[in-house]
Amino acid sequence: MSRGDSAQPARALAKPAFSDPQASALVESVFGLKVSQIRPLPSYDDQNFHVRVAGAEGGLGGPGEYVLKISNAEASRTPELLQVQTHALLFLRAAGLPTASVCRSKGGGLTSLVSADGGSRVTSYVVRLLTYLPGSPVAEVPVGPPLLYEIGRLAANLDETLEKFHHPKLSCLRRENFIWNLRNVPLLEKYVDALGQGRNRELVVRVIQLFKDEVLTKLKHFRECLNHGDLNDHNILVESSKSACGDAAYQVSGILDFDDMSYGYYVFEAAITIMYMMIESKSPMHVGGHVLAGFESVIPLTPVERGALFLLVCSRFCQSLVMAAYSCQLHPENEEYLMITAKTGWKHLQQLFDLGQRAVEEIWFETARSYTSGLSM
């Protein structure tokens with residue numbers, strides 16, 4: 001879900017509008033591969049295609065399977081940012097994490113800039129070709145405590161591994177006005193009108209004020225790191241396996257979409273992961289404890305980080321819900337994809353507030369503590 005760094009999403013991000021034949025032609029002209037089959041994949045404001053290549057061997061999803069990523073026009077204006085994210089993806093893969101490999105173009109580059117005639121003007125887009133990863137999105141499988149624990153552990157492993165990542169342009173990941181970085185929750189004030197008047201808007205305004213009062217003042221006490229920033233239930237892939245007792249179990253098989261990478265904090269990654277894992281859960285209030293247990297098995301949070309976790313989860317709900325409503329005004333044709341979180345998100349956010357921070361923390365922290373005493377798994 002690449003969504004641009006601008007704090008003014010009203011500026012058209014210019015989502016690409018390549019047809020299937022045009023996308024096939026891109027794969028052939030830029031990467032020198034003959035396409036046998038192509039179909040669009042859902043996306044926020046980029047374009048993604050699942051590509052099968054004729055007569056090619058390789059690709060993690062099977063012989064000759066790839067994903068063509070065409071970045072929106074706004075993101076394509078900062079190709080160095082996309083290059084850093086691409087190199088980070090390769091770094092993580094080399095370190096053993098389940099990320100895609102990146103195919104080089106005929107010119108040897110990992111990213112390529114192509115132009116398309118939009119009628120009134122010519123627009124440039126960055127294109128990349130990634131190997132297709134196997135598995136199903138977390139959103140499509142039953143998610144129990146063992147998988148939540150694994151996902152929490154994965155999130156922490158990812159951030160810990162990125163501590164060793166270096167790149168000459170790494171500073172471009174300090175995305176000061178990036179609307180999706182959790183430190184920038186106050187920027188949502190510009191877009192709450194998309195919610196209209198009513199309870200939802202009042203709740204968001206309350207969260208923003210609490211964030212200003214109780215989180216912004218503590219940022220200097222959080223430990224900084226690079227975040228994936230979007231470990232949602234559609235960006236984590238899993239495959240089924242048999243557990244020791246013969247029941248169906250799931251293991252993570254892929255991590256998708258590094259376009260929201262930026263400098264943040266360990267607790268940001270934990271909060272974002274908890275929030276998205278709540279979306280499809282039948283017991284959403286208990287999700288946080290299982291994810292937290294997995295995360296803290298790698299990176300234990302400090303007391304001040306733990307104390308901010310509740311508001312950070314609420315704040316991520318607000319980011320997702322407000323920007324989805326705003327984006328639907330701009331792109332009503334993409335409403336089904338944009339409103340995935342909203343189907344249950346408002347209910348979960350309200351329930352968090354109805355229970356209150358102390359009660360929710362008691363659930364989360366007691367669940368996490370049960371893992372150390374061997375009671376939960």
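The points below go from the whole chain to two residues worth a look.

1. Please keep in mind that this is a predicted model. The protein has 377 residues, and 57% of them are buried. Its secondary structure consists of 11 helices and 11 strands.

2. On contacts, consider the pairs with a separation of 6 or more: residues 24 or more positions apart account for 74% of them.

3. Have a look at serine 315, which sits in helix H8, spanning residues 303-330. Is serine 315 buried or exposed? With a relative accessible area of 0%, serine 315 falls under the 20% cut-off, so serine 315 counts as buried.

4. Which residues does serine 315 touch, leaving aside those up to four places away in sequence? The contacts are Leu182, Val185, Val207 and Phe211. Serine 315 and isoleucine 208 are 107 residues apart along the chain, yet a separation of 7.2 Å is found between their C-alpha atoms.

5. My other stop would be aspartate 257, in the loop that links strand S10 (248-255) to strand S11 (262-265). Its phi is near 60°, a positive value in a residue other than glycine. For background, most residues other than glycine have a negative phi.

6. Although aspartate 257 lies in a loop, its relative accessible area is 13%. Because that value is under 20%, aspartate 257 is classed as buried.

Definitions and conventions
Residues are numbered from 1 along each chain as its sequence is written. This is a predicted model: local features need pLDDT of at least 70, side-chain atom pairs count only at pLDDT 80 or more; totals for chains, interfaces and linings use all residues. Side-chain values use heavy atoms; hydrogens and water are left out. Helices (H or I, at least four residues) and strands (E, at least two) are DSSP runs, numbered from the N terminus. Buried means under 20% relative accessible area, exposed over 50%, partly exposed in between (1.4 Å probe, protein chains only). Contact means heavy atoms within 4.5 Å.
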